[in-house]
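The structure is shown first, and the description follows.

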Amino acid sequence: MALVGIIMGSTSDWETMRHAADLLDTLGVAHERRVVSAHRTPDRLYDYAKSAAARGLKVIIAGAGGAAHLPGMAAAMTALPVLGVPVQSKSLNGLDSLLSIVQMPAGIPVGTLAIGVAGAKNAALLAAAILALNDAALGERLAAWRAAQTESVAEAPDA
């Protein structure tokens, strides 16, 4: 059963959001992925967000570009943690996406990550950390992943 839902506003966002899915796979976290546009498929968004908890999801990662209403709209319809990933846009290089996601009104939080691939990867790591609060085995896998990342950093530039 999926614990994390990865949603995005369009199929073109998959180029960014697949990095979240890949990292969740690496950590052994079951997830699902859907295209759910806040503007073009609002009924699909409503159904997805309203049913997420009942279907067993614990965290939603929502990636969107441009106006980027998807994370905020999802957060408005579920009590689950929603992690927003600003997808890099062509017109403003993702700054428009970032500002749209980060500027949520008080009372409807969206955890906002970095623009693009780094944000997608960090959203997966944050989702895993949230789940690891109640899953010791996942906590161990996450700690091992982080340790491997630390060990991969050279001590000198020519090493």
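Helices here are DSSP runs of H or I with at least four residues, numbered from the N terminus. In this predicted model, Asp22 lies in helix α1, which spans residues 14-27. Although Asp22 and Ala120 are 98 residues apart along the chain, their C-alpha atoms are separated by 9.8 Å.

The strands form an open sheet of 5 members in the order β2-β1-β3-β4-β5, and their pairing is parallel. At the edges are β2 and β5, each of which pairs on one side only. Strands β1 and β3 pair in the parallel sense over 5 bridges, and Met8 has Gly63 in β3 as its bridge partner. Helix α4, made of residues 95-102, packs on the sheet and touches β3, β4 and β5, with its direction at about 160° to that of β4.

| Strand | Residues |
|---|---|
| β1 | residues 4-8 |
| β2 | residues 31-35 |
| β3 | residues 59-64 |
| β4 | residues 82-86 |
| β5 | residues 111-112 |

How many of the lining residues of the largest pocket are nonpolar, polar and charged? The lining comprises 7 nonpolar, 11 polar and 4 charged residues.

Conventions: Residues are numbered from 1 along each chain as its sequence is written. This is a predicted model: local features need pLDDT of at least 70, side-chain atom pairs count only at pLDDT 80 or more; totals for chains, interfaces and linings use all residues. Side-chain values use heavy atoms; hydrogens and water are left out. Ala, Val, Leu, Ile, Met, Phe, Trp, Tyr, Cys and Pro count as nonpolar, Asp, Glu, Lys and Arg as charged, and the others, Gly among them, as polar. Two strands pair if DSSP finds at least two bridges between them. Helices (H or I, at least four residues) and strands (E, at least two) are DSSP runs, numbered from the N terminus. Contact means heavy atoms within 4.5 Å. Axes are lines fitted to C-alpha atoms, for helices over the stretch in contact, and angles run from 0 to 180 degrees between N-to-C directions.
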